[in-house]
Amino acid sequence: MAEQAGGGCCPPMDLFRSESMQLVQIIIPNESAHRTIDYLGEIGLIQFKDLNAEKSPFQRTYANQIKRCGEMARKLRLFKDQMSKAGLLSSSTSATQVDLSFDDLEVKLGDLESELIEMNANGDKLQRSYNELVEYKHVLQKAGEFFHITQRSAEALQREQASNQTGEQSLETPLLSDQEAVTDPSKQVKLGFITGLVPREKSMAFERILFRATRGNVFLRQAVLEEPVTDPVSGEKVEKNVFAVFFSGERAKSKILKICEAFGANRYSVPEDLGKQAQMITEVSGRISELKTTIDAGLEHRGNLLQTIGEQYDRWNILARKEKSIYHTLNMLSIDVTKKCLVAEGWSPVFATKQIQDALQRATHDSNSEVGAIFRILGTREMPPTYFRTNKFTNSFQEIVDAYGVAKYQEANPGVYTIVTFPFLFAVMFGDWGHGICLLLVTLYFILKEKKLSSQKLGDIMEMTFGGRYVIFMMSLFSIYTGLIYNEFFSVPFELFGKSAYGCRDPSCRDSTSAGLIKVRDTYPFGVDPAWHGTRSELPYLNSLKMKMSILIGVAQMNLGIILSFFNALFFRNGVNVWCQFVPQMIFLNALFGYLSVLIIVKWCTGSKADLYHVMIYMFLSPTDELGENQLFAGQKITQLVLLLSALVAVPWMLLPKPFLLKAQHERHQGQSYTALQGAEESLLVESGDDSGHNEEFEFSEIFVHQLIHTIEFVLGAVSNTASYLRLWALSLAHSELSSVFYEKVLLLAWGFNNVLILIVGIIVFIFATVGVLLVMETLSAFLHALRLHWVEFQNKFYEGDGYKFSPFTFTLIDAEDE
């Protein structure tokens, strides 16, 4: 197995190789099965395999318990919704917390649910009755005003008629006095009326439909309620009008009732007699007061019940989820033929063996089982899961690698180098120590407040930023470092490490070109000399510097990737990959671009004016021509010929030997595929992974085509990947130029007006442009480009990334999971 093949070829690093894993089998008696899984979940170091994959969820042993857990979760969601509506928060401050079993919790939740549902139903009935009485009171008051006004007008009319001696009229006639004169008493009819409330937004349509349906043979009076009332049916605040419809005949009454139903108008009966109306108002007010007292008492009782639930809610919720996860895991176990024990299989790290055995012993003791669980280690050819032990600092860097693909079991992990190379490549593109300090301050806030922020719900962007706080922290530190090298603080140079090595030969040199500068002191000790900034030669000089630096960094990182492929081959004892992949790849890459890197360093050291473009192009087109003024060292022509021939030889070296060697190995081991089992435990061998490796039919054509594709990809990728690293130069130049534009065209321009208001506006625009463009957009851009360089240019040299992550059964994050 792979974990036995390491043999000390690599330095002992926790992240460099994933943890050694083992396939274990645990035979658990039925009486201690629940407690055993519980204790194993607490240590969280075993990933169980589903031994009942062919069964549906309803056919499994503990399907009924899973259903009960789901029902408990539903009840807890009901409690949470009710607490949210009541404005209560769950808290675990109860002084008397009693440990409940699964069955006791189920009974407890059932009783609380029944009580809460009954209280809600009674409360809804009482509230509806209360709202109806409130509406009835409004109708009595407003309708009473209709009748009172009518009575006064009738009395006034009677007095007028009495004075004119025109005879007496009925008191009911003035109800229609607004529309018609006094009629003959013999033609008077008995009028009926309907009162109620209609939503104000529907009142005009209500009046219009009434008029059309009865052909104008009704009299409608409406009064506006000043305050919205609670509708008994919907329970929402609605603005309403009180109406009174006077009509004649049963047919008209039937039509009016149907229209009221269609418009959602609530009807209430009002007595005609004013004395009875006053008596009804008194009775309704008394009933409203009684109902209000009853509702308040019910709400207080309900609030106390929800408060009691809230004190225990978190603990009950965790217990319900814990039980569900335990039974879900138990459903993955197979039942022994005797039906007296359960058989579990799963992956665990080798270092966890003692902890697992201790947990099994505790479970046996605490469940008073006479038979202990049996722990066995199985032999298998199946690929184990990948498990890296990370902390809060290294985890975010490991997540960057895992987003591309989870490492194959115990292959070299690029996450170790990503901790340094990722923020460094970002900083090469983001080099400004002023911007780096801004990023550092933001990150320090996240780090110092991480305990508080980790317990809060943040937005998607804030959550992502907070999760990568240590990545951004390293990015900011490296940005300060590269910013000091570039000597840029918001694009402004400073003489931090001493005075410039150059001085002006004449007063006009500052405004013309660097040709007027002469060296008057020792070389500037660290980074770019501040004298270069602001001169005409600044851009050509920094372009040349950053472009060559990008090539050096790219070739170095690609070489690191190829070297890691060597350590992988050595670790897995794959000599074919060492001699037919690592060696020719190193020769090809360094014969071309490694040689270019050496030429860059030699040119820097000697101060030569050789044209490296010319050297590299004619190394291929005319390798035998004389170099002339482009010669950097003695024997350069012979060296280039040797390197060119080496690169040409490396291509068929990568292509041809490996497929034939693999074919020879296959033929040599063809008769060894079936061997005798070495021990009794081998009878439990898991064969599910065998067909992925050793027993697969060997197809030489597929192997050869695959190697051909791999060779073409590497040869072309050596060129394209090196060119891809020039993005370091391009983004660094863009960042520097944008920063310079914001400083010169915004801040300095505003300063030049000698106006305080313009200066304040200029400072505000400068701050927003710096934050929005340089600290947000440029940060995201540089981050994505650094991500691409790691995923494509670096990791494709050695990283297969076709493994799967170790996902142990654990209770650690069960309280943070959504249901």
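In what sense do strand 3 (residues 192-199) and strand 8 pair, and over how many bridges? They pair in the antiparallel sense, over three bridges, where pairing requires that DSSP finds at least two bridges between two strands. The model is predicted, so that local features need pLDDT of at least 70 and side-chain atom pairs count only at pLDDT 80 or more, while totals for chains, interfaces and linings use all residues. Residues are numbered from 1 along each chain as its sequence is written, and side-chain values use heavy atoms, with hydrogens and water left out.

**Two packed helices**

- Helix 15 (residues 575-606) and helix 16 (residues 612-621) pack at about 150°, with axes 11 Å apart; axes are lines fitted to C-alpha atoms, for helices over the stretch in contact, and angles run from 0 to 180 degrees between N-to-C directions.
- Helix 15 and helix 16 are therefore roughly antiparallel, a label for angles over 145 degrees.

**An annotated region**

- UniProt, in an unreviewed entry, places a "coiled-coil region" at residues 102-129, although such annotations may be inferred rather than shown by experiment.
- Over residues 102-129 the chain is 100% helix and 0% strand, with the end C-alpha atoms 41 Å apart.

Technical notes
Helices (H or I, at least four residues) and strands (E, at least two) are DSSP runs, numbered from the N terminus. Angles under 35 degrees count as roughly parallel, over 145 as roughly antiparallel, 65 to 115 as roughly perpendicular and the rest as oblique.
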